Amino acid sequence: MKNLKEVASDMNVPYFDVRINATGATDYPQAPQASAPSIGSSAMLVELQVSQWTGRKKDKRASATVTDQNYADKGTAAVSKKLLGHCQELDAIHKFTANARNIHYSMTMPWSDTGMRLLPTAQYFDYHQQMTDLQNEFTRMTGTFITNYDWEISRAQARLGDLFVRNDYPTPDAISNKFGFRISYIPLPDVGDFRVDVGNEQKQVLEDHYNEYYQRQLVSAMDDVWQRTHKALTNMSDRLDYSGDDKKKVFRDTLVDNVLDMVDMLSVCNVTGDSQMEQMRLKLEEALRGVTPDGLRTNETLRVETKRVVDDALKLLPSLEM
């Protein structure tokens, strides 16, 4: 024969185990306690490591010549030469790497001095897709450069003249090892997650220390979002600050897109569930609904009203000594 709990399960109805305790009072089951998600479930840490060959080397002989010719003390001048001269392929890799880092910074938040950044879980898929595409392009560009490396050395001899020294150039295998593009995802540990064999008192000291660090880094990460918002809104307010017979200010179409990007950022980066940040997002989202760059250029009423809302939003930003 089935018990009441099994019968309730078959009927797909809830079962409550209500008992009478020794004093005759009724013991009702306590409702399950809802727990808010921790920051560890809202974000993770990500580290981007990009290495590249600079293609530069200090020329001691040329440095000594410069100081001697100018009657200067030894070591007061240094000559750094570009080993491949103006190599377009290597220059393109350098520019690409700088852009990849900028994208990485724009989609993440600061966390530690070691290079790790805070990546909101809601941002993960977009971030991973963009960074994977960049990684594949980086691999293609460096592969092409390494293939043409020997040819570039022969061209460099003509470019550098007497500054050319063949031993300055690493082998193709060594050059290949100087390029790298790696993304590492690390779970964000919750406060109190210390798996160390120490006494309870020392473990509490460690937990308190990490809690202080954890909170400090979290505040820094959220402040970074506010600072980006401040920069985007300040720029928009400045560009819209004209009316009537005033000289029109020129602004690009990205003026609106930059603020709309920040509206999205206020959503995906709100890993702490900050009500002030959510209110700011809603305010800006409502203010910019249907607003276009051309509309701001041609419609003075729209421009004045948009600037008013932006200025109001600026006043509501938390004070970050900006």
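E137 is partly exposed, with a relative accessible area of 27%; here buried means under 20%, exposed over 50% and partly exposed in between, with a 1.4 Å probe and protein chains only. This is a predicted model, in which local features need pLDDT of at least 70 and side-chain atom pairs count only at pLDDT 80 or more, while totals for chains, interfaces and linings use all residues. Residues are numbered from 1 along each chain as its sequence is written, and side-chain values use heavy atoms, with hydrogens and water left out.

To return to E137, its partner in a salt bridge is R140, with the closest N and O atoms 2.7 Å apart. The term denotes a side-chain nitrogen of Lys or Arg within 4 Å of a carboxyl oxygen of Asp or Glu. Both residues belong to helix 5 (residues 124-147), and because they are three residues apart, about one helical turn separates them. Helices (H or I, at least four residues) and strands (E, at least two) are DSSP runs, numbered from the N terminus. R140 is partly exposed as well, at 47% relative accessibility.

A second pair lies in helix 6 (residues 149-160), where E152 and R155 are three residues apart. Their salt bridge has an N to O distance of 3.7 Å. E152 is buried at 5% relative accessibility, whereas R155 is partly exposed at 34%. These two residues and R159 are linked in a network of salt bridges.

In helix 8, R228 and D224 are four residues apart, about one turn of the helix. The closest N and O atoms of their salt bridge are 2.9 Å apart. R228 is buried, with a relative accessible area of 18%, and D224 is buried at 17%. Across the whole structure, the search finds 16 salt bridges.

Four strands form an open sheet in the order 6-7-3-8, with antiparallel pairing; two strands pair if DSSP finds at least two bridges between them. The edges are strand 6 (109-110) and strand 8 (180-187), each pairing on one side only. Which residue stands opposite L48 in strand 8? I183 does, and eight bridges join strand 3 (residues 43-51) to strand 8. Strand 3 is joined to strand 7 by four bridges, with M44 opposite L119. Strands 6 and 7 form a hairpin with six residues between them, and G115 in the turn has a positive phi of about 110°. From strand 7 (residues 117-120), R117 and L119 point one way and L118 and P120 the other, and all are buried.
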